[in-house]
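Here are my notes on the model, point by point. Please keep the structure open while you read.

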Amino acid sequence: TTFQDGGEEVEDGAVYNVTLKKVQIQQAANKGARWLGGEGDQLPPEHTVRQYETSKIRAIKAGTLEKLVENLLTAFGDADFSYISIFLATYRAFASPRAVLELLLDRFGNLETSSHGEVANLNSLESEMVLRAEIASVLRAWLDQCSEDFREPPDYMCLLKLLDYLKNNMPNSDMESRVQNLLKQFQNQEVEAVDGFCSTSSSGLVDGEELEISNPEEFSSFQDHVVAEQLTYMDVMLFRRVVPYHCLGSIWSQRDKKENKNLAPTIRATITQFNAVTKCVISTILGTRELKIQQRAKIIEKWINIAHECRILKNFSSLRAIISALQSNSIYRLKTTWMFVSKDVLLVYEELSEIFSDHDNYLTSRELLMKEATSKFANLDSSEKENQKKSQKRLQLQKNKGVMQGTVPYLGTFLTDLIMLDTALQDYVEGGLINFEKRRREFEVIAQIKLLQSSCNSYCLIPDQKFIQWFRRQRHLTEEESYKLSREAEAAADTNILSPKSQKSMVKRISTLFLGTDVFTPPKEQPPKSSPVGGSSGESTDSASVSSCEFNHSETEDVCVTPVSSPEDPLKKISGHPLSFCSPDSSVRTPSSGLSSLPSSKGSISDPGSGSDSGSIPPRDSVAGSAPRALPVYNRQSEGSCIIRVSMDGLHDSIYKSILITNQDRIPDVTQRALLKHNLEPDAVEDYELVQVISEDKELVFPRDANVFYGMNSHVNFDFILRKKA
């Protein structure tokens, strides 16, 4: 089979990409070979005749909403087999379920009012039957893939409209009874908190229970693999509930508006759980003042071993949460305590940390996720023989149980990719047409999420109520509390416990493990600035936890966990591009953070067994149609565009918003877009000035009509501040 680019076809309200597919359909013996009685598949090429068939594949590239909905009925005829799945997974970015349903049923489903030009040959009975079958196929796919779209309490207008259509056009059909059952299910279903058992508020406790600081002995009584299994159980339950379209950049980026406080609850629930794990790690290490250094080191070792068990279970969410907590400022600065962590455990910690290295846009974690997405068990490779033996022994125990494992990803990676796609690609193209090529690119990421969700059905984990209740009862320390306790714990450490020579040797060994260098520079100790990060149990469930210095802030500055390591922290990789998992209100600036380019389409995970194969239509970077070009990225100017990050001075100065700029944009344009991103009135452009942050004590102030692209300093981070004029 060969493919050839057939150019574009333009219709009223739509633009199509055309691909010519040439397929060999027959290989027969030529006349002389047939006279000798030969068969085509038994003869050399010179004695055979091959017959080919060329078919045309039309994939809609851009169109009006009416054309996109109409294309649902004609996509199979155009050989665009993945179109229905792509549309259903992404249409919420540009239309509502009611608008799509009305177009589908009223305009195309009502045969009496349909015009002759919209669907050909509607007068014939055969065409009517074909049209009804096509509409039924679309509705069936909609109910299969996105039944949550019809959850609109208390009226359920879309579901009732669909039921009315089925009664009139497909009475007593299986689909009619299915819709009736779905309506009853929605109506009878009790309202329950999406974050279920991972709630860290007192409402999740049994009457009479109160939040408490962890008892070290009680925590130590839980076996490492039990803790990992229970964290995985909670993560699996939440990840399977994630509604994929909630992850779309155009939807997730709107969550901090007042009217959207309940937007994307399934994503918020995963963030709450992630932050609960990080805070639990910190509170168990620092919560008890009376602990000796060796006891505190044992708790750190236990969490590293739990993280290793999460790796065996392919739970990358809790794994990253634990590593993030151990790399937070309040835990990392416990230098004396880290000296008592055994060498073997430190090596395990180093290998686990490398999984989330920010090198080449987190290439290691992306490749590992693709490799293990549908594998039965984890693929554990260790550079240390002892670690390798231990890992293989634990893995063999898992295999002996005979139950396959799924994969729980770190959701922040997908959220960042989708937000960057939303920032880099336009929603509409020339003529006001909806850019559907953008939706195809987004579906490549959505398809990965769906595949991983289906893999989670392989887990067979039983909840341990004793651990879950203990996990709920934990009182989480605020950032200020954890920093204060960290200083007290370090000050109480017996600095004479090691001779100066041996102490120097231990510090050198730890610095070599962390940095690959013999130079160790202790971080400057400074109290963290007051922020909503890591709040107490009474705070919002979205408040972000501490996180690794490995994390990145694009517009996901409010996606996931917040880095709180000080800028001088030697663990921080100065050239890094961290990716964060934090809440809308709690992002903290990290001077070295940035964002690399998006993964190529080769990195997409596709399910060969599903009908929604995102790889059937080659992705294209540009709707304009010419040669593919690289998407604009943060911290790099390329092909006349780049992405900058803008925060509001004095208002939300810890929250960045990603802005796409080109070499044609001047200060008023960029200022207006930044105000819109921060949900402020765009008319107040004249009242603000744009400033680029060069260093802690240097800023670049732009003149009124300056060209931002050419005027900015491209040798430092592309971080800007929007400040009200004096």
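1. Start with Thr266, which has its place in helix α11 (residues 265-286). Helices here are DSSP runs of H or I with at least four residues, strands are runs of E with at least two, and both are numbered from the N terminus. This is a predicted model: local features need pLDDT of at least 70, side-chain atom pairs count only at pLDDT 80 or more, and totals for chains, interfaces and linings use all residues. Residues are numbered from 1 along each chain as its sequence is written, and side-chain values use heavy atoms, with hydrogens and water left out.

2. Is Thr266 buried or exposed? Thr266 is buried, at a relative accessible area of 7%. (Buried means under 20% relative accessible area, exposed over 50%, partly exposed in between, with a 1.4 Å probe and protein chains only.)

3. Thr266 also has polar partners. Its side chain makes a polar contact with the side chain of His246 at 2.8 Å. The Thr266 side chain also reaches the backbone nitrogen of Val243, at 3.3 Å. (A polar contact is a pair of N or O atoms within 3.5 Å; within protein, one must be able to donate a hydrogen and the other to accept it, and residues adjacent in sequence count only if both atoms are side-chain atoms.)

4. Now look at helix α13 (residues 316-326). In α13, 11 of the 11 residues are buried, so the helix is largely enclosed by the rest of the structure. Asn315 caps its N-terminal end: a side-chain oxygen lies 3.2 Å from the backbone nitrogen of Ser317.

5. Strand β8 (residues 641-648) has 8 of its 8 residues buried, so it too is largely enclosed by the rest of the structure. Ser641, Ile643, Arg645 and Ser647 point one way; Cys642, Ile644, Val646 and Met648 point the other. β8 runs parallel to strand β12 (residues 719-724), and 4 bridges join them. (Two strands pair if DSSP finds at least two bridges between them.) Val646 stands opposite Phe720 in β12.

6. How many aromatic pairs does a search of the whole structure find? It finds 17. (Rings of Phe, Tyr and Trp, the last by its six-membered ring, pair if their centres lie within 6.5 Å; planes under 30 degrees apart count as stacked, over 60 as edge-to-face and the rest as tilted.) Phe87 is buried, at 0% relative accessibility. Phe94 is buried too, at 15%.
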